[in-house]
Amino acid sequence: YENATKYNFGMVACADMPCSNLTTITVNIVDLNDNPPVFSSDPIVVSMDENVNPGYNVTALMTTDADSLANSMVTYFFTNITTAPFIITNLNEVHYTGIPALNYNAITSYILGVRATNPSAIPNEASQYADVVLIININPRNTFPPVFLRNNDTVTIDEASVAGTVVYMLDTTDADA
């Protein structure tokens, strides 16, 4: 089917010469689901910031398929059971759900399995599929301000102190560190 969708040929019926009865036969070829979807790369590697809003579109999933019509329609789903904060939408996009929140200090990347499948339009014909690894790298962002451990301290210093004398040591924490 991928090379020709139909063939035409003529047939002649003869009882005596010369033959004069000619008919044309058209043979239409039915497309089978005999080609799997193909990802353009494996793995698929993308990056996103840790402070994006829920609903953020991480990437669009795309494949090619040599079959036609219904046999080239592809759906996508995650193959590994995961608590990662991502879903695949009906538009074949990977979106960030926001639950759980991204935290670069805890997880710097997610490695997810994705399957593209195209069920056959012909009953009892096998589906075709392809698997790919999706790596989502998380970019760190300064999401938390530093916090002073002590506020409103009072310091006493001798008037004879020389230049370079340490006057005060600030203690801070930063949840991003």
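This section describes the nonpolar core, aromatic pairs, salt bridges and a surface patch of a predicted model.

The largest nonpolar core contains 25 residues, of which Met 48, Phe 86, Val 94, Val 114 and Ile 136 touch the most other members. Two or more residues are given to this core by each of strand 4 (44–49), strand 7 (75–78), strand 8 (86–88), strand 9 (93–96), strand 10 (109–118) and strand 11 (128–139). Strand 11 supplies the largest share, namely five residues.

The surroundings of Val 94 illustrate how separate stretches of sequence meet at one of these core positions. When neighbours within four places in sequence are left aside, the contacts of Val 94 include Tyr 56, Asn 57, Val 58, Thr 59 and Leu 61. Val 94 is also in contact with Phe 78, with Phe 86, Ile 87 and Ile 88, and with Leu 134 and Ile 136. Among these partners, Phe 86 and Ile 136 are themselves listed with Val 94 as core residues that touch the most other members.

Three aromatic pairs were found in a search of the whole structure. Together with Tyr 110, Phe 86 and Tyr 96 form one aromatic cluster.

Thr 97 lies in the loop between strand 9 and strand 10. Its relative accessible area is 28%, and Thr 97 is therefore partly exposed. Apart from residues up to four places away in sequence, Thr 97 touches Pro 54, Pro 85, Phe 86 and Ile 87.

Four salt bridges were found in a search of the whole structure. One of them joins Asp 49 and Arg 141, whose closest N and O atoms are 2.9 Å apart. The residues of this pair are 92 positions apart, Asp 49 being in strand 4 and Arg 141 in the loop between strand 11 and strand 12. Asp 49 is partly exposed at 23% relative accessibility, and Arg 141 is likewise partly exposed, with a relative accessible area of 36%.

A further salt bridge is formed by Arg 115 and Asp 131, with 2.7 Å between the closest N and O atoms. Here strand 10, which holds Arg 115, is linked to strand 11, which holds Asp 131, across 16 residues of sequence. Arg 115 has a relative accessible area of 23% and is partly exposed; Asp 131 is also partly exposed, at 39%.

Arg 150 forms a salt bridge with Asp 153, the closest N and O atoms being 3.0 Å apart. Through salt bridges that share partners, Arg 150, Asp 153 and Asp 171 are joined into one network. The relative accessible area is 41% for Arg 150, which is partly exposed, and 39% for Asp 153, which is partly exposed too.

Phe 148, Val 155, Ile 157, Val 167, Tyr 168 and Leu 170 make a nonpolar surface patch of about 540 Å². Phe 148 belongs to strand 12 (residues 147–148) and is partly exposed, with a relative accessible area of 46%. Val 167 is located in the loop between strand 12 and strand 13 (172–173), and this residue is partly exposed at a relative accessible area of 47%. With neighbours within four places in sequence left aside, Val 167 is in contact with Val 155 and Ile 157, both of which are members of the patch. The C-alpha atoms of Val 167 and Thr 156 are 8.2 Å apart in space, the two residues being eleven positions apart in sequence.

Definitions and conventions:
Residues numbered from 1 in each chain as written. Predicted model: local features only at pLDDT ≥ 70, side-chain atom pairs only at ≥ 80, totals over all residues. Heavy atoms only, no water. Patch = residues over 30% accessible without salt bridge, like charges linked within 9 Å, V, L, I, M, F, W, Y side chains within 5 Å. Areas by Shrake-Rupley, 256 points an atom, 1.4 Å probe, with all protein chains shown as cover. Salt bridge = Lys/Arg side-chain N within 4 Å of Asp/Glu carboxyl O. Helix = DSSP H or I, 4+ residues; strand = E, 2+ residues; numbered from the N terminus. Buried < 20%, exposed > 50% of the residue type's maximum accessible area, 1.4 Å probe, protein only. Core = buried A, V, L, I, M, F, W, Y, C linked by side-chain atoms within 4.5 Å. Contact = heavy atoms within 4.5 Å. Phe/Tyr/Trp six-rings, centres within 6.5 Å; stacked < 30°, edge-to-face > 60°.
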